[in-house]
Amino acid sequence: MTHDTLNEQSTEALSVTQRLAIAVVGLLLALGLIIWGVQHFRISDPYILQVLALKGDRDRGALIFQMNCAVCHGFEASGEVGPDLHRVSERKSKVNLIRQVISGQTPPMPQFQPEAKDMADLLEYLESI
Ligand code: HEC
C-alpha cells in the first residue's frame, strides 16, 4: 500500500516536471520567434533609411541602370542573364529592392554599393517600369 502511494507520487511528480519542461521549451520557442521576427522585419539599416528618405530621380536612375545593370538585365530591363525587371516592384518592396542591389546574396548578381542618392534614383526607376 505504501509502495503504491509512493509510485503514484513519483508518477505525478514526473508529470509536473514534464509539464514544466514543456512550458519552458514553449516559452523559449516563443521568445526565439519574437527575436527572429523583430530582427527580420525591423529596418535598422541606416543606409536603407537614408535611401528611403530621399526623393529619387527616375531619369537619372535609368542612366545608372543602363551603366551598371543593363549588361545582365538588358538595356530596357527586359532580361538577359538576369530576369526581366518590369513590374518587379509588385513582387518586391522598396526595402527588398534595395537589399537585392546591396546584398550580393544572389550570385551572379554582384554586390553594389551605390551612394544613397544613386540608390534612391535607381529605386525610382525600378518602381517606374
Ligand atoms: C552580373 C549580372 C547582373 C548584374 C550586373 C545585375 N544583376 Fe540584378 N540580377 C542578376 C541575376 C542573375 C538575378 C537573379 C538572382 C536570383 O534571384 O537568383 C538578378 C536579380 C535582380 C533583381 C530581383 C529580380 C526579381 O525578380 O526578384 C533585381 C531587382 C535586380 N537584379 C536589380 C539589379 C540592379 C538594379 C542592378 C544594377 C545596380 C543589377 N540588378 C545588376 C544579375 C545581375
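Trainee: Which residues coordinate the iron atom of the ligand?

Mentor: His73 and Met109 do, through NE2 and SD, at 1.9 to 2.1 Å. Keep in mind that this is a predicted model.

Trainee: How do I read the geometry of the site of the iron atom?

Mentor: Start with the ideal. Six octahedral donors give angles of 90 or 180 degrees. Here the iron atom has six donor atoms, with angles of 85 to 179° among them. The site is octahedral.

Trainee: Where in the chain do histidine 73 and methionine 109 lie?

Mentor: Histidine 73 is in helix H4, and methionine 109 is in the loop between H6 and H7. The two are 36 residues apart in sequence, so the pair ties together separate parts.

Trainee: How many residues surround the ligand?

Mentor: The count is 20, and the closest are Cys69, Cys72, His73, Arg91 and Met109. By type, 13 are nonpolar, five polar and two charged.

Trainee: What about the space taken by the ligand?

Mentor: That space is the largest pocket. Helices H4 (70-73), H5 (88-91), H6 (94-103) and H7 (116-128) each give two or more residues to the shell. H6 provides the largest share, three residues.

Trainee: Now the backbone. What should I expect of phi and of peptide bonds?

Mentor: Most residues other than glycine have a negative phi, and most peptide bonds are trans.

Trainee: Which peptide bond is cis?

Mentor: The one from proline 107 to proline 108, with omega near 10°. Proline 108 sits in the loop between H6 and H7.

Conventions. Residues numbered from 1 in each chain as written. Predicted model: local features only at pLDDT ≥ 70, side-chain atom pairs only at ≥ 80, totals over all residues. Heavy atoms only, no water. Near = heavy atom within 4 Å. 1 Å grid on protein atoms, 1.4 Å probe; cavity = no way out; pocket = protein on both sides within 12 Å on 5 of 7 lines; lining within 4 Å. Sits in = over half its atoms within 2 Å of the grid points. Helix = DSSP H or I, 4+ residues; strand = E, 2+ residues; numbered from the N terminus. Nonpolar A, V, L, I, M, F, W, Y, C, P; charged D, E, K, R; others polar. Donors = N, O, S within 2.8 Å, 3.2 Å for Na, K, Ca; no water. Tetrahedral: all angles 85-135°; square planar, octahedral: opposite > 155°, others 65-115°.
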